Amino acid sequence: MQRRISKAAVIGSGIMGGGIAALLASAGIKTLLLDIVPFDLKDEEKNDPKARNRMVQQGFDNAVKSKPPLFMDAKTDSQLVSIGNLEDDLDKLSDCDWIVEVVVENLKIKQELFKKIDGVRKAGSVVSSNTSGIPLKDMSQELSADMKKHFLGTHFFNPVRYMHLLEIIPGPDTDSDVLTFMANFCEKYLGKGIVWAKDTPNFIGNRIGIQGMGKAMNAMLEHGLTIPEVDAIFGPPMGRPKTATFKTADLVGLDTMYHVAKNCYDACPDDEARETMALPDFVKQMVDNKMLGNKTKGGFYKKELTPEWKTLRKVINPQTMEYEEYGKPDFPCLAEAKKKSSLPEKIQAVVYGDDKGATFAWDVTASGLIYSANRIPEISDTIVDIDNAMKWGYNFEMGPFEAWDAIGVKKSVEKMEAEGRAVPEKVKKFLADGNETFYKIEGGRKYFYDFASGSYKPVPVSDKEISLYNLRQENKVVKSTASCSLIDLGDGVFDLEFHSKMNAINKEMIDFMAEAGDYVDKNGVGMVIGNQASGMPAPFSAGGDLAFMLGLAKDGKFSEIDDFIKDVHLGIMSTKYSSFPVVAAPFGLALGGGCEVCLSSDRMVANADLFMGLVEIGAGLVPGGCGMIHLWQNYIKYIPKIAKITDHAGFFIQAFMCVAQAKVSSSAADARNKGYLRPDDRIVFNKDNLIGEAKKEVLKMVDDAYAPPLKEKFPVFGREAIGMIRAEMLNMRSGGYITPHMETIAKRAAYCMAGGDVPAGTPVSEEYLMKLEREAFVDLWKTEETQKMAEHMMTTGKPLFL
């Protein structure tokens with residue numbers, strides 16, 4: 001049977017249901033969103049379709065308006081969603097290929113709903129539940145044989161669009177073909193990282209995650225730490241998100257966290273660490289008092305405004321249940337971790353320290369590692385699925401077994417046993433057999449230790465995925481500096497990888513790009529520009545090196561800034577006109593210089609979650625890496641062929657406003673709408689496949705007899721555009737909407753983009769436009785206002801408008 005999903009249905013229009021529907025529609029799938037008829041209809045509303053769909057309409061509207069966006073392109077994608085209710089529109093499920101249940105976590109309600117679905121679904125359609133804890137075997141026991149074969153769990157994480165994890169849980173009778181199809185579909189079309197979970201309470205991510213959070217909260221009280229101290233430890237120094245433990249709970253909602261913990265506690269009577277899932281009494285008290293986190297403007301943390309409009313950041317005191325101001329936590333182990341360069345070194349510095357914070361960190365970490373090992377094979381058959389669940393669902397940089405490798409399995413086990421901790425027998429046998437790490441690289445492949453067989457097995461990966469980490473371990477780096485490397489991807493294709501802080505473009509990178517280009521020209525057929533940074537959102541490149549240029553500006557070395565921008569222009573244009581195809585593979589943050597590097601490539605293969613923009617105005621500057629030139633060329637090249645250049649006024653305004661307002665795309669689809677992506681650039685939903693797909697694009701271009709673009713002049717809008725923009729900027733400044741210096745920056749950007757004081761329609765060269773751009777860039781650095789704006793952006797990450 002040739003399976004495909006052309007139409008899907010989502011039942012339940014709450015936060016999760018709306019998010020799933022938005023993701024499906026963003027992937028181009030027609031989606032039916034259903035919910036119940038409101039209970040409180042008045043008599044005159046009972047026959048009114050609009051009133052009967054009030055609940056689902058509200059859920060749909062919330063998804064469309066959501067910030068951050070749930071749809072990739074809300075205006076277009078939302079048109080693929082139709083709405084209805086479970087009384088009037090249940091029969092519409094009959095032409096759906098996949099039906100996803102996302103209703104309240106109540107077994108009886110789910111059982112009744114699935115019986116109704118069973119009566120109208122077409123044979124062979126897939127039905128799944130997004131339950132986070134109710135056993136599939138209980139939900140499916142009274143279903144037909146065909147539905148049981150096509151029934152499974154698909155547990156998405158919130159927010160659906162942004163969280164990579166999807167736990168797939170086979171039901172007792174699910175066909176293996178159905179499971180394989182759904183895994184492949186969700187990986188390729190929805191961009192998800194698939195983890196295979198068993199039908200056990202809270203599956204993998206939340207089972208491991210809630211034990212870790214519960215242990216941290218209880219241990220905090222035992223060790224006498226404060227909430228900010230716990231978050232300082234279990235944040236970036238341990239490879240965890242900045243939200244750490246308690247801020248994550250505020251983000252998720254204390255009620256949700258408490259429900260997951262209670263469900264796990266009640267459903268796991270024989271769990272050896274069950275008591276760690278019993279959250280402290282003060283947490284229950286907070287839930288009862290509706291102190292639920294961000295959604296109630298106060299949870300573990302709270303912000304308050306003084307009469308002077310000063311923001312006070314406060315935290316709950318578990319003893320008094322009052323909010324108090326707090327300072328920056330400080331432990332010797334954290335200071336030591338800050339000195340280390342690699343994550344394994346940082347984690348070791350924390351857990352093997354000898355201060356109060358380190359003792360706490362070790363207690364929680366040791367408990368979590370032992371717990372994770374004990375869950376195999378109960379919740380998962382492999383360490384890989386447990387590690388991936390925590391990385392993809394909780395944004396950990398390392399899963400439990402990767403972290404165990406990082407601190408040294410043998411060393412940590414010796415410490416555990418010395419303290420009387422019950423180390424799992426499987427881990428003892430692992431060490432007794434002479435093994436040292438749970439993962440290893442051999443022959444370009446990553447292997448994991450399989451407890452069941454007592455041997456190493458290849459880590460399963462998609463045939464589309466290329467791991468730069470694995471290639472590094474196999475010595476495939478042909479050239480390297482501290483900021484970037486050139487890696488052999490095979491078949492004559494090389495990858496230019498950025499690895500500076502936030503992958504910001506610096507002088508070393510610019511110099512290296514020329515060297516990399518020469519190497520590929522002599523030894524290869526094409527180049528990919530891409531990396532595999534992690535984070536949320538992860539940085540492809542967060543911009544240019546402001547610190548370097550600010551230092552030059554403060555020293556009055558403006559000629560050196562001019563020389564640097566000349567080098568930038570040379571590097572950008574060398575990439576653009578190289579003899580081989582160059583494909584950029586942006587994802588996450590591609591801002592400022594990162595955006596400009598992509599705009600110079602022959603083609604982009606972009607991840608669907610792409611936040612791209614020319615944001616230099618926020619630092620008091622105009623784009624300095626040909627970004628305005630290439631953005632305008634995109635508009636000129638791809639807009640309809642219009643006889644008069646003056647008819648392009650609307651397009652010029654759109655392009656200019658992208659720069660003047662530092663517009664950042666909300667997705668790759670939105671980047672295409674804004675002109676950053678071109679019509680022939682590709683969008684890939686799964687970030688893991690990005691480098692592989694970019695390599696494939698390079699080889700296709702080579703196979704199509706690639707020839708570099710010819711240099712040509714492009715028409716500009718000239719003095720007419722400059723006059724139009726200046727008049728508008730004057731009005732905005734007079735009305736108090738912009739500051740005098742912002743007006744100056746906007747005018748300089750307009751002058752560059754419009755091609756200077758020339759008649760509309762004048763064809764100009766790129767060299768001429770680069771000169772205008774370079775002059776504006778250097779002149780702005782000479783101003784005190786720009787230097788202050790740049791320094792503020794560099795230290796806070798936020799713009800300061802002077």
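Does Asn 503 count as buried or exposed?

A: Asn 503 counts as buried, because its relative accessibility is 4%; buried means under 20% relative accessible area, exposed over 50%, and partly exposed in between, with a 1.4 Å probe and protein chains only. The model is predicted, so local features need pLDDT of at least 70 and side-chain atom pairs count only at pLDDT 80 or more, while totals for chains, interfaces and linings use all residues. Residues are numbered from 1 along each chain as its sequence is written, and side-chain values use heavy atoms, leaving out hydrogens and water.

Asn 503 lies in the loop between β17 (493-498) and α22 (507-523); helices (H or I, at least four residues) and strands (E, at least two) are DSSP runs, numbered from the N terminus. Its phi is positive, near 55°, in a residue other than glycine.

Asn 395 also has a positive phi, near 60°. This asparagine counts as partly exposed because its relative accessibility is 27%. Its place is the loop between α17 and α18.

The helix α18 (residues 400-407) in turn meets α16 (residues 356-374): their axes come within 10 Å and cross at roughly 125°. Here axes are lines fitted to C-alpha atoms, for helices over the stretch in contact, and angles run from 0 to 180 degrees between N-to-C directions. On the side of α16, Trp 362, Leu 369, Ile 370, Ser 372 and Ala 373 make the contact, and on the side of α18, Pro 400, Phe 401, Trp 404 and Ile 407 do, where contact means heavy atoms within 4.5 Å. By class, these residues are eight nonpolar, one polar and no charged; Ala, Val, Leu, Ile, Met, Phe, Trp, Tyr, Cys and Pro count as nonpolar, Asp, Glu, Lys and Arg as charged, and the others, Gly among them, as polar.

The loop between α16 and α17 (383-394) holds Pro 377, and the peptide bond from Ile 376 to Pro 377 is cis, with omega near 10°. Another cis peptide bond joins Lys 67 and Pro 68, with omega about 0°; Pro 68 sits in the loop between α3 (54-65) and α4 (74-77).
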